[in-house]
Amino acid sequence: MALTAVLLLFGLLTLHSASSVMAQRGDLPHYHYVARQGIGVAMGIVLMVTCARIPTLWWRRFAHHILAGAVVLLVIVILPFTEAIAPTVNGARRWLRVGVTFQPSDLAKLAIVVWTAALAVRKQPLMRNMRRGLAPFLVGWVLVLVPVALEPDLSTTCLIVAVAMSIVFVAGARVGHFVVLGLACIPLAGPLLLSGYRGARWESLLLNPGAIPDGSGFQSYQSLVAIGSGGVTGVGFGEGQQKFGFLPESHNDFIFAMIGEEWGLVGTVAVILAFLAMIVLGFRIARRARDTFGELLAVGVSSLIGFQAFLHIGVGLGVMPATGLSLPFISYGRSNLVAMLAAVGILLAVAREAPGGEVQRTAEGPG
């Protein structure tokens, strides 16, 4: 909770610096995006506390219903006649606008964690068997991955795959099964990864990363300029220059670069260590969990936060093509922020139910 609070406060500070210029250019108050993010923080904290109080047995019991709800929302987003509530933004349909605006894929990340953990408990004696153990997971995963990929949102698709496989690996799946699945997916994944703007980004990253780019590698190049400008201690809070239109999405997709520019190596290392500490604590909670479901749930949540954080950081450092993934708790975006705080709440619920946790102490009474 302390790490989450620190990251949230640091995120609001960084977001104000990264977004103030953009807000004023749009004739908005300099604090516009921070105020909106603050609403997301409040909503997320309420949901975090609620999830922390929900017994993990409830998540296991309703795992299939949660997954079904997420799939329905994902399908609504991509249907051809739902443009009114799921408009195209920057060439993709990822948002639902029904009074509130949110990304169903953020809910899908949590749904996959809960459903995969629940099914892994049932299938654990068969996890070493490809057909009876691992194959049933593919059905639920495909139901989520196909609509997410059709939005298109390939980065979230890859994130969900990584998180889901982390859970089944801990549950006992064989490494050889992952190799077989990976080879089987090459004919499908290859064209998706290399087509259109994605292919241009890979080409820019792998073949010509140091040259001044035109379009495909512009963001990554400017991100490296920002981080390089920060040096060891940064240029100072609020003094960064990339936010003046040089680095697109500096308040969201490339906020790590803004941290590097204004807070320098010290700031970026501190952020990385904070996420590493959160992952370590998450796996420690998993190790102490009351049962196997709690263990796998904690592994899934920790993997979700960790994978998303380090994919974002990898983009900022230029070792990966631009993905569009937010930096948890820091980047602008209330939908993802609320989902990540809900994930922390689930992790807290596992910790409360662990031997020696709050739930057990309350049941035993004083002394």
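Tutor: The residues that line the largest cavity divide into two nonpolar, two polar and three charged, where Ala, Val, Leu, Ile, Met, Phe, Trp, Tyr, Cys and Pro count as nonpolar, Asp, Glu, Lys and Arg as charged, and the others, Gly among them, as polar. This is a predicted model, in which local features need pLDDT of at least 70 and side-chain atom pairs count only at pLDDT 80 or more, while totals for chains, interfaces and linings use all residues. Residues are numbered from 1 along each chain as its sequence is written, and side-chain values use heavy atoms, with hydrogens and water left out.

The lining of the largest cavity is made up of Thr56, Ala289, Arg290, Asp291, Gly294, Val350 and Glu353. A cavity here is a set of points, on a 1 Å grid over the protein atoms alone, where a 1.4 Å probe fits but cannot get out, whereas a pocket is an open set with protein on both sides within 12 Å along at least five of seven lines; a lining residue has an atom within 4 Å of a point. The volume of the largest cavity is about 30 Å³, and a search of the whole structure finds one cavity of 30 Å³ or more; a volume is the space filled by probe spheres set on the points, which are joined across faces, edges and corners.

Turning to the open spaces, the second largest pocket has a volume of about 360 Å³. It is lined by 18 residues, of which Leu281, Ile285, Leu347, Leu348 and Ala351 are the closest to its centre. By type, this pocket lining comprises 13 nonpolar, three polar and two charged residues. Helix H1 (2-25), helix H11 (255-287) and helix H13 (334-353) each supply at least two of the lining residues, and H13 gives the most, with five; helices (H or I, at least four residues) are DSSP runs, numbered from the N terminus.

Elsewhere, Pro152 is found in the loop between helix H6 (130-150) and helix H7 (154-171). Pro152 is partly exposed, with a relative accessible area of 25%, which lies between the limits for buried (under 20%) and exposed (over 50%), taken with a 1.4 Å probe on protein chains only. The C-alpha atom of Pro152 is separated by 8.4 Å from that of Gly91, although the two residues are 61 residues apart along the chain.
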